[in-house]
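Thanks for coming. I will take one structure and go through a few parts of it in turn.

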Amino acid sequence: MTAPRTPEGDPDAGRALVKGLQALDQDGEPSDISLSLDLLAPRAPYFDQLVLDAVKAGVRQVVNLGAGYDDRALRFRHTGVQFFELDLPDVIADKARRLDALDTDTTHVALTEVDFATDDVATILARAGHDAQQPTLFIAEHLVLFLTPDDVARLIAGVSQRAARGSTLALTAEVHPAGLDSTLVVSTVDNVMFTGASPLHTIKSRDAWLTLLDQHGWQVHDAAKVTVVNHFELPMTEKPAQIQTQFLTATA
């Protein structure tokens, strides 16, 4: 199936962008990404539609937090729309090299280095040329689960400083059942699934996620409606807990 795009978008650049990439685990060995692909299947159309709708609605800035090798800036290219892609320096450097090698227009893409554990996203975006007076679509797809709770809160606070009225923030959030202690859930994931080396750091109840967003001025669309994918089942003391990836979209 052909991925959606704007009339000006490049439908083929995405494949060329990731040519030769291989997923590796923390030991440098080939990694099994089947679970990630299962989650991507419903996730990709959700975020694709958000970007497409924003472009059609006249939003002129899209900020992709933890962009990785995402190709939406190429598929949804549109005159007057600027894409800001933020990620770690080594990822940005490699993506820049790959984009330079493509026979496609990338003048609308601002690749920006950031370390979400130490950098202030508001400052980074200002330096990159982001206009805080204009509405923006901010997307954080498959990012915040890898950040600590403090880093997540700081990220959302930084984004909020750059969000003009009418801006949208969309993210994937790892969610555990209500009534569980989030710290215990994260430590259980670490011990049971990753033997002390878990890359997953932030899992909250849905209410905790909604509260965090509300504290920073974001109102979740249709808060009673849950868009979700079951991620994994976690053995807990009382009974197994289903950890979900929920898609949250909020307006400033």
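I start with what lies over helix 4: its buried residues are covered by elements including helix 1 (13-17), helix 3 (72-75), strand 2 (82-87) and strand 3 (109-113). Helices (H or I, at least four residues) and strands (E, at least two) are DSSP runs, numbered from the N terminus. Buried means under 20% relative accessible area, exposed over 50%, and partly exposed in between, with a 1.4 Å probe and protein chains only.

Before going on, the model is predicted: local features need pLDDT of at least 70, side-chain atom pairs count only at pLDDT 80 or more, and totals for chains, interfaces and linings use all residues. Residues are numbered from 1 along each chain as its sequence is written, and side-chain values use heavy atoms, with hydrogens and water left out.

Which residues of helix 4 are buried? They are V91, I92, D94, K95, R98 and L99. Seen down the axis of helix 4, its buried residues fall within an arc of 165° (taken from the directions from the helix axis to the C-beta atoms), so they line one face of the helix. In general, an α-helix has 3.6 residues a turn, so residues three or four places apart point the same way. On the other side of helix 4, D90, D100 and A101 are exposed.

Next, a buried residue in a loop. D71 sits between strand 1 (61-65) and helix 3, and its relative accessible area is 16%, so D71 is buried. Setting aside neighbours within four places in sequence, D71 is in contact (heavy atoms within 4.5 Å) with G14 and L17.

L171 belongs to strand 5 (residues 168-175). At 2% relative accessibility, L171 is also buried. Beyond its neighbours within four places in sequence, L171 has contacts with F47, A140, L213, Q246, F247 and L248.

F247 and L248 come up again in the lining of the second largest pocket, with Y46, L50, R206, V220, H221, D222, K225, T227 and T249. A pocket here is an open set of points on a 1 Å grid over the protein atoms alone, where a 1.4 Å probe fits, with protein on both sides within 12 Å along at least five of seven lines; lining residues have an atom within 4 Å of a point. Which element gives the largest share of that lining? Strand 8 does, with three residues. Helix 2 (34-56) and strand 8 (241-251) each supply at least two.
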